[in-house]
Amino acid sequence: MVQAEDGRRNGIMFYVKETVSDSMDVTIEINDENVFCRCPRCGDEVQVDLQEILKEGDLFGTAVLCENCSLRLMGGYDIDE
Ligand SMILES: [Zn+2]
């Protein structure tokens with residue numbers, strides 16, 4: 001298998017595949033706008049930049065804090081207040 005130099009030329013790079021029934025499965029393209037995780041501190045939905053994650057580690061060993069929690073962690077204040 002030869003890895004494409006730039007997968008974007010082919011349209012879809014990576015996608016999620018979920019089997020709905022024996023005769024049907026759904027594929028959803030993963031892009032830079034439709035990947036989310038839950039903030040491990042407050043449970044908020046956080047939009048994830050996969051490129052950043054892959055640069056720093058891996059999907060399963062990385063948790064992404066929401067904006068509030070990362071600000072709180074770095075600066076000790078809460079932007080909600
Ligand atoms: Zn949070």
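Reader: In what order do the elements of the protein run from the N terminus on?

Author: Happy to start there! Helices (H or I, at least four residues) and strands (E, at least two) are DSSP runs, numbered from the N terminus. The protein has 2 helices and 4 strands. From the N terminus on, their order is β-β-β-β-α-α.

Reader: What is the mean pLDDT of the protein?

Author: This is a predicted model, in which local features need pLDDT of at least 70, side-chain atom pairs count only at pLDDT 80 or more, and totals for chains, interfaces and linings use all residues. Residues are numbered from 1 along each chain as its sequence is written. The score called pLDDT is the predictor's confidence in each residue, from 0 to 100. In this protein, 78% of the residues reach 70 or more, and the mean pLDDT is 82.

Reader: Which element has the highest mean pLDDT?

Author: Let's look at both ends of the range. Helix α1 (residues 50–56) has the lowest mean among the elements, 82. The highest, 94, belongs to strand β4 (residues 45–47).

Reader: Over how many bridges do β1 and β2 pair?

Author: Two strands pair if DSSP finds at least two bridges between them. A hairpin through 2 residues joins β1 to β2. Strand β1 (residues 14–21) pairs with β2 in the antiparallel sense, and the number of bridges is 7.

Reader: Which residue in β2 is the bridge partner of E18?

Author: Good one to trace in the structure! As a neighbouring example, T19 has D25 of β2 as its bridge partner. For E18, the partner in β2 is V26.

Reader: How many residues of β2 are buried?

Author: A residue is buried if 20 or more other C-beta atoms lie within 10 Å of its own, exposed if 12 or fewer, and partly exposed in between, with C-beta atoms placed from the backbone. Of the 81 residues of the protein, 1% count as buried. Strand β1 is hardly covered, with a buried count of 0 among its 8 residues. Strand β2 (residues 24–30) is hardly covered too, and among its 7 residues the count is 0.

Reader: Why does L65 count as partly exposed?

Author: First find L65 in the loop between α1 and α2 (67–75). L65 is partly exposed because the number of other C-beta atoms within 10 Å is 18.

Reader: How far apart in space are L65 and P40, C-alpha to C-alpha?

Author: Two residues are in contact if their C-beta atoms, placed from the backbone, lie within 7 Å. Not counting residues up to four places away in sequence, L65 touches C39, P40, R41, S70 and L73. L65 and P40 are 25 residues apart in sequence, while their C-alpha to C-alpha distance is 6.4 Å.
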